[in-house]
Amino acid sequence: MEVFQSHRKSSSNNVIVSILPFYRSAPPLEVRLEDFEFFAMDRLRVLKGISDGLCRGKKPEEMEKLVEDLWKANMRHPQAVEEVNKDIISHFVLRLVYCRTEELRKWFLSMETTLFRHRFRLESSEAQRALMSEFKLPYKAVSNAEFESVKDKLSQVARSMGQNLAAADAIFYKVPFEEVPDLVSGRRVFIHKGHAYVAMNQVVSLVVTQFRSYISKALILTNRKWTSTIREQEKDRLTPIVEALCTSYLGPDYSQPQEFGEISIKDIDQVAKTSFPLCMRHLFEKVKEDHHLKHGGRMQLGLFLKGVGLKLDDALAFWKAEFAPKVSAERFDKEYAYNIRHNYGREGKRTDYTPYSCQKIISVTPGIGDHHGCPYRHFSEENLRAALVRMGVSSRAVEDVMDKVHNRHYQLACTLTFEAVHGSSCDAGINHPNQYFIDSQRVLQSKNGSVA
């Protein structure tokens with residue numbers, strides 16, 4: 001087996017210098033099907049963590065720390081070679097996953113570019129120079145004579161940023177100014193005759209521009225291969241995995257009650273008011289109001305209630321009582337009881353079904369008369385604003401939530417709702433309705449000394 005290693009030797013002292021992969025070609029490795037999926041999910045945790053950090057407006061230094069922590073938590077491997085292989089394999093799997101639509105490509109390109117930028121910055125100057133050589137970037141360092149001719153101007157730019165120009169070991173690259181728009185707009189480079197003088201500590205802008213351009217083109221080519229051959233050839237093996245990965249839930253399993261154990265029917269009205277996320281609170285209110293929910297709503301709310309600790313007997317009693325004004329006891333036992341027992345693993349294949357994640361709820365398309373789905377995505381603006389006010393969200397916080405909704409950051413909108421309702425931060429973000437419930441109960445317990 002040929003192994004791709006992302007290392008080169010320094011010519012000066014024979015020291016191994018770490019080089020980031022450019023992901024030019026997929027590695028000629030045999031990959032087990034489970035690794036194909038698990039590696040991709042680990043990388044997806046990193047990319048989604050980056051996305052959450054950016055959406056929450058984290059500062060550059062906070063993002064540096066976040067990316068480093070995410071990489072250590074999800075992509076590290078005891079063996080350096082295996083870590084490199086995992087890095088490359090996971091990138092190509094997700095490239096396949098996210099090449100399929102313009103929206104997916106845009107998100108993947110943005111997150112991979114951000115990840116690459118921060119990883120590049122963590123490299124030493126020697127490694128960065130080696131990486132530029134590896135990428136065959138068409139830039140040469142400014143000669144000593146030219147450096148001396150513009151040194152005063154470079155010093156002025158450095159001082160304007162609160163830095164000193166270390167002339168003895170300064171390395172600058174002369175590049176067309178349009179290739180570093182972020183540096184130009186930030187007035188962080190000296191420009192002369194259409195060229196920008198880019199310091200070694202700014203060279204990340206050059207590399208990232210090339211990286212982004214390459215990955216953007218590669219995604220288009222991958223999409224062509226996917227639609228023309230791969231999707232059909234792999235329809236029984238890889239295609240189902242690829243098509244499911246972009247909406248995969250990556251968090252804990254909430255199929256069984258967590259730390260707060262069970263809830264009973266007598267408690268459910270109170271905890272619905274204090275600890276249900278809006279999607280479940282809406283369904284709970286609708287079943288109370290209409291004494292009925294369609295199948296999608298029953299599944300979404302029923303599995304959530306199972307996950308927060310409502311026992312099977314209590315679940316049967318709850319649904320039977322709520323449906324009673326419209327559904328006779330005999331009809332309930334015939335048409336509805338089986339599905340409830342089935343969700344608890346007591347009928348059919350005895351599968352213990354898992355509560356729906358945010359990703360799954362957001363991805364559904366409710367029909368007329370349905371009440372399931374994600375309110376942040378599926379409600380009208382007027383209805384969503386009214387629902388948030390009923391939850392006790394302040395007018396200022398409502399505007400913050402709506403800003404996230406307008407930008408289609410639905411889980412962040414839910415996170416801001418949680419923070420506004422509970423007066424407590426939720427740094428991890430909301431990724432699952434049952435996580436919302438558990439985090440809510442923790443906050444209430446810490447405030448009141450007991451679970452609400």
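The 64 positive and 57 negative charges of the protein chain have mean positions 3 Å apart. Here Lys and Arg count as positive and Asp and Glu as negative, with His and the chain ends left out, and a charge is placed at NZ of Lys, CZ of Arg, CG of Asp or CD of Glu. The model is a predicted one, so to speak with cut-offs attached: local features need pLDDT of at least 70, side-chain atom pairs count only at pLDDT 80 or more, and totals for chains, interfaces and linings use all residues. Residues are numbered from 1 along each chain as its sequence is written, and side-chain values use heavy atoms, without hydrogens or water.

As for the overall fold, the protein chain holds 21 helices and five strands (DSSP runs numbered from the N terminus, with H or I and at least four residues for helices, E and at least two for strands). Some 47% of the 452 residues count as buried, meaning under 20% relative accessible area, with exposed over 50% and partly exposed in between (1.4 Å probe, protein chains only). The accessible surface comes to about 23300 Å², and carbon and sulfur atoms hold 49% of that (Shrake-Rupley method, 1.4 Å probe; for residues, only the protein chains shown count as cover). Among contacts (heavy atoms within 4.5 Å) with a separation of 6 or more, 67% join residues 24 or more positions apart.

Next comes the largest pocket, with a volume of about 1600 Å³. A pocket is an open set of points on a 1 Å grid over the protein atoms alone, where a 1.4 Å probe fits and protein lies on both sides within 12 Å along at least five of seven lines; lining residues have an atom within 4 Å of a point. The lining numbers 47 residues, and Lys48, Ser51, Trp107, Gln359 and Gln411 sit nearest the centre. Helices H1 (33-55), H2 (60-75), H4 (102-121), H16 (358-363) and H20 (410-422) each give at least two lining residues, and H1 has the largest share with seven.

Lys86, in helix H3 (residues 80-98), counts as buried because its relative accessibility is 7%. Leaving aside residues up to four places away in sequence, Lys86 touches Phe39, Asp42, Asn74 and Met75. Ala329 belongs to helix H14 (residues 329-335) and, at 43% relative accessibility, is partly exposed. Its C-alpha atom lies 45 Å from that of Met41, 288 residues away along the chain.

Conventions
Points joined across faces, edges and corners; volume = space filled by probe spheres on them.
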